[in-house]
Amino acid sequence: MASLIARYPRLQSLLIVVIAAATIILALPLLGLTITDVFSIAIILIVVLALNFMAGYAGIPNFGMALFVYIGAFALAGVGTRVALALVELTSPGFIELLRSSYPLILGDSSSFEVFVRVAGDPMVNRIVTRKVESVIEASSILSLTLTLAVFGFAIIAGALTGVLASLAAVRLREDYLAIVLLAFSELMVSVVFDQTDALAGGPNGAWVVRPWPRVGALEGLAGLLGTIPDVLISLAVGLAVLAACFIYVERMANSPMGRMLRAMRDDDLTIRVYGRDVAVTRLKVMAIGAAMASIAGAIYATVYIQVKAADTYDRVTWTFVPWAMMILGGMANNWGAVLGGIIVYLGRKAIYYYAPAIASVISPILGVEASIAGDILRAQLPNILVGVLIILVLYLRPQGIIPEKPSKTLSRREIEAIT
Amino acid sequence: MVEYMLSVSNLNAGYGKFHIVFDASFNVAEREILTVVGPNGSGKSTLLKALFGLATIYSGSVIFKGSNITGYPPHVKARIGLAYLPQTDNVFAELSVRENIIMASYTLDENEARDRIEEVLSVYPILKQRLDYKAKSLSGGERQILALAMTLIRRPELIMLDEPTANLAPLIARDLIKKIVQLRDELKKTVILVEQNARAALEVGDKALLMVSGKIAYEGPAGALLKDVELGKRYLGLR
Amino acid sequence: MVLPSPEFTIYSIAYGSSLALLCLGLTLTYMTAKVPNFAHGTLAILGSAITLILIDRVYYQFKGEPLYYSIYIVAPLVAFLIVGLTALIQYLLILKPLAKRGVGVIGLMIATLAFDVILVNMLTMALYLAPSAYFGKLIGQSLKGFDAGISILGVVTTFSRIVMPFVAVALAITLHLFLTRTKFGIAMRASIENPSLARTLGIDVDKVYMVSWFLAGGLAGVSGSFLSFIIESVKPAAGSLVIVSIFAGSILGGLGSIYGALIGGFLVGFMEPMTTITLQNTLTALLGKAVIITQYQRLFSLLVVIVVLLLAPQGLTGLNYRGIIGRARRVGGVG
Ligand SMILES: Nc1ncnc2c1ncn2[C@@H]1O[C@H](COP(=O)(O)OP(=O)(O)OP(=O)(O)O)[C@@H](O)[C@H]1O
Ligand SMILES: [Mg+2]
């Protein structure tokens with residue numbers, strides 16, 4: 001069978017199309033997709049585009065994407081909450097004192113500094129204070145705008161810095177070392193440093209964020225006109241806008257001399273050896289830009305999924321592995337492919353989730369397990385297993401993905417020299 | 001019809017996407033030396049690698065003693081009587097000389113291996129003194145001798161040698177060429193010999209191939225090629 | 001500085017020994033397939049799970065009896081076979097066909113990651129759904145209570161911690177003899193160094209690589225089997241952190257030498273808990289209040305990866321010892 005497929009390339013495309021079509025048909029019952037689904041797709045697509053930029057075009061095996069996405073979420077959960085509290089205290093002094101007197105049991109003997117630590121670090125304080133702060137912030141368009149800028153500013157800068165830091169040790173080395181370092185760094189940051197340190201953003205319990213968007217209701221004058229728009233719609237709009245911007249950026253980048261330089265660097269060991277230093281610098285730039293993009297995605301994601309838990313929500317499978325599957329299925333170094341792959345895998349996972357109880361009701365009598373338990377477990381594990389199988393199948397049957405990379409003219413030596 | 005030791009027809013070969021050897025066809029009879037010459041990069045080594053199954057064969061066939069061995073994996077070819085001395089990396093640098101020789105006799109049974117190893121060591125006493133040294137500590141010439149010993153230890157019928165005299169002092173090189181002639185005359189072996197030193201190789205060869213840009217530009221008696229002033233001057237630097 | 005207790009030192013030696021075996025296996029597969037196997041940590045956890053199941057189905061009945069001690073032979077042996085086969089399947093079904101199709105190193109790496117995800121999730125499913133005789137449910141169980149206690153020279157410890165280092169040393173010596181004294185073992189080294197030359201000599205390199213993968217998986221199984229008594233609980237997801245320490249030890253060992261891997265693995269595994277606990281005790285003594293940093297223990301592994309790659313990417317085996325010793329002599333004015 002395998003050799004048959006190898007012999008007839010047409011058959012490959014046909015198989016892939018059949019698999020894709022089957023996935024979509026299976027997903028049909030889900031056509032009642034909610035707004036949050038569309039939002040989640042937009043966010044994951046930003047991550048996939050960032051990954052495609054780093055791995056597809058530049059050949060950096062980024063096995064640490066989850067960390068960069070989490071950094072964006074941390075910008076809200078760990079930084080935004082505190083900035084919000086500071087903004088409120090600055091504009092209406094005595095707010096912290098008021099909190100202390102309202103909650104003597106919880107906050108009575110905390111210093112102001114401790115309050116700032118605990119607002120993100122202590123689940124109980126976090127719950128109480130973020131809601132109170134949020135009500136003050138959302139009443140003022142200036143405060144919420146300031147918070148938005150601060151949070152996204154932090155997400156971009158911290159994301160870029162983390163991208164550089166994570167890859168620094170192996171940026172001059174071969175891809176396999178780079179992959180190991182990125183995976184190790186991300187894994188330890190997310191599930192050890194952030195997940196084990198309450199003071200950063202609640203540790204394993206996580207922290208609730210202060211939603212930063214300027215409320216339409218708070219924009220004087222417009223209030224009567226539009227009424228209040230649900231937060232998720234604002235997040236969706238921002239997500240789609242950022243997605244579009246990222247798409248255009250990566251697409252233009254890919255077709256610029258820089259993009260061709262990246263591909264030359266990816267395809268040719270010699271380039272790396274001859275232009276070693278420049279390759280390191282270029283890789284770091286790519287890491288910074290790609291990680292910042294992922295970080296923005298994480299920040300927007302946290303405006304809807306407002307409880308941010310490090311290891312629990314920003315796990316390696318969801319935010320590193322699944323984006324890789326999406327990119328490989330769609331076609332590495334092809335942005336349309338990345339988008340298509342992203343949508344297919346997202347819907348496919350949803351569909352499995354949807355059908356899991358049905359499968360469970362069939363197998364549970366055989367195993368002698370309660371159907372509901374089997375259903376829960378299948379829902380949690382089956383989508384991941386199938387994504388794993390999908391990656392291997394695509395690599396075997398059609399390594400170039402659904403929409404392969406467009407062949408580009410190769411870079412002449414003079415051009416490389418001109419760029420570097 | 002004569003049965004050839006090796007019969008190659010319309011062989012196209014290369015490395016993955018890189019097509020290097022085009023439409024090679026030739027025969028080697030038993031107890032014959034076939035000398036392959038040609039400029040650097042003309043595909044001589046690739047031809048040998050393809051014959052042994054180490055390069056990709058796109059089309060064509062390789063018949064060894066009447067059976068089609070085109071698709072055989074290299075380790076099977078080694079077991080049915082072919083041997084190949086690669087031009088580069090022809091010893092295991094990290095293994096000791098002894099271990100290298102043991103590897104060369106890998107396919108032989110224990111007793112046979114012991115006898116052959118003793119025999120080889122008596123022919124090349126220089127290796128005997130170096131048995132427990134890593135091969136990477138040998139000089140270029142010693143290494144070449146080890147590689148040659150490794151190629152011959154299994155007593156193959158068809159021996160393919162890719163520039164065996166590289167790195168050897170002129171005297172030893174001449175000696176080696178003599179040994180190759182002995183292989184044919186005394187041990188009744190068939191040899192395909194790729195050589196930089198075209199004159200010496202053509203002098204001892206029965207037949208010759210001239211490769212140019214992956215194609216066989218001449219196939220015929222070795223002596224005739226040696227006398228062909230035109231081809232000799234153009235491709236082989238012979239006066 | 002407050003030094004760790006003898007009990008803790010024994011624990012660290014046991015942990016270091018098991019990591020040494022894991023690094024050895026990872027390095028072996030890296031040298032054959034030229035790709036780091038991101039599933040190696042989960043292979044170890046599979047060994048732990050097998051031990052858990054053996055206890056749950058059979059051995060709980062013998063707890064406290066002399067017969068119970070056979071678990072320390074039976075469990076590693078069963079784990080060796082099953083995990084070895086799993087690694088072999090990974091190589092034959094995934095890596096070899098993909099490499100043959102010309103998939104590059106990045107594709108191969110993501111394929112090992114894919115296998116890891118498949119393995120973790122299947123294992124999770126199995127531990128949730130498989131019927132359990134003793135524990136009630138298998139997922140997340142601790143086997144600490146099933147490790148026989150033993151006291152040596154007044155130091156109270158457990159049987160697995162005493163046995164593990166001996167097992168590791170015995171396996172290392174066996175492997176060394178295998179690689180240097182047997183024809184097949186030498187062929188293994190030859191095939192790793194120069195596969196095409198090995199082929200021309202009649203060595204079936206594919207078979208040799210298959211044995212390498214089986215051995216690597218088998219050693220991970222043995223290691224995981226002993227680790228199951230040491231770790232807090234048997235959770236499939238734990239492999240994703242163990243793998244970081246495995247990479248740390250292997251990179252320290254140079255990723256190109258199995259002896260380097262043994263040393264690197266032991267050093268990382270031994271030093272990681274020792275350094276952490278020493279630092280913790282010292283800080284506690286200095287600050288006069290309890291400081292707890294053991295939850296950050298694994299950062300040591302990350303630190304090793306980063307420092308080695310920055311300073312000596314070739315690892316321990318790549319260092320030029322003559323040069324270093326020579327320089328030290330000159331500086332010291334000796335010789
Ligand atoms: N592994 C490889 N992959 C791709 N191309 C290769 C490979 N090995 C050799 N080539 C190319 O194949 C061509 C022929 O090389 P080959 O080694 O067969 O030449 P040759 O005639 O033996 O040369 P020489 O006399 O220098 O040994 C060269 O252009 C070389 O660059
Ligand atoms: Mg050559």
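Predicted model: local features only at pLDDT ≥ 70, side-chain atom pairs only at ≥ 80, totals over all residues.
How many residues surround ligand 1, and which are the closest?

**Figure 1. The surroundings of ligand 1 in chain B.** In this close-up, 14 residues surround ligand 1, and the closest are B:Asn40, B:Gly41, B:Lys44, B:Ser45 and B:Thr46. Sorted by type, the shell comes out as 4 nonpolar, 8 polar and 2 charged residues. Strand E2 (18-28) and helix H1 of chain B each put at least two residues into the shell. H1(B) gives the most, with 3 residues.

**Figure 2. Polar contacts to oxygen atoms of ligand 1.** A backbone N or O atom of B:Gly41 sits 2.8 Å from an oxygen atom of ligand 1, and one of B:Gly43 sits 3.0 Å from an oxygen atom of the ligand. B:Thr46 uses its side chain instead, with a polar atom 2.5 Å from an oxygen atom of ligand 1. As for cover, ligand 1 taken alone would expose 640 Å², and the protein buries 63% of that.

Figure 3. Ligand 2 is a magnesium ion, and its protein donors are B:Ser45 through OG and B:Gln87 through OE1, at 1.9 to 2.1 Å. These two come from distant parts of the chain, 42 residues apart. B:Ser45 belongs to helix H1 (residues 44-52) of chain B, while B:Gln87 is in the loop between strand E6 (82-85) and helix H3 (97-104). B:Gln87, at 34%, counts as partly exposed.

Figure 4. Why call H3(B) largely enclosed by the rest of the structure? Because 6 of its 8 residues are buried. Those buried residues are B:Val97, B:Glu99, B:Asn100, B:Ile101, B:Met103 and B:Ala104. Within chain B, they pack against helix H4 (110-123), helix H5 (125-128) and helix H6 (140-152). They also pack against two helices of chain C, H5 (159-181) and H6 (183-193).

**Figure 5. C:Thr276 and its contacts.** Staying with chain C, this view picks out C:Thr276 in helix H10 (residues 258-287). With 9% relative accessibility, C:Thr276 counts as buried. Which residues does C:Thr276 contact once its neighbours within four places in sequence are left aside? They are C:Met271, C:Ile293, C:Thr294 and C:Gln297.

**Figure 6. Chain A and how the chains meet.** Chain A has 21 helices and 2 strands. Buried residues account for 55% of its 420 residues. Take the contacts in chain A between residues at least 6 apart in sequence: 76% of them join residues at least 24 apart. The accessible surface of chain A is about 17,400 Å², and carbon and sulfur atoms hold 68% of that. As for the other chains, 2 pairs touch, and the most contacts are between chains A and C. Chain A and chain B don't touch, with their nearest C-alpha atoms 14 Å apart.

Conventions:
Residues numbered from 1 in each chain as written. Chains lettered and ligands numbered in written order. Heavy atoms only, no water. Donors = N, O, S within 2.8 Å, 3.2 Å for Na, K, Ca; no water. Helix = DSSP H or I, 4+ residues; strand = E, 2+ residues; numbered from the N terminus. Buried < 20%, exposed > 50% of the residue type's maximum accessible area, 1.4 Å probe, protein only. Near = heavy atom within 4 Å. Polar contact = N/O pair within 3.5 Å; in protein donor to acceptor, adjacent residues only side chain to side chain. Areas by Shrake-Rupley, 256 points an atom, 1.4 Å probe, with all protein chains shown as cover. Nonpolar A, V, L, I, M, F, W, Y, C, P; charged D, E, K, R; others polar. Contact = heavy atoms within 4.5 Å.
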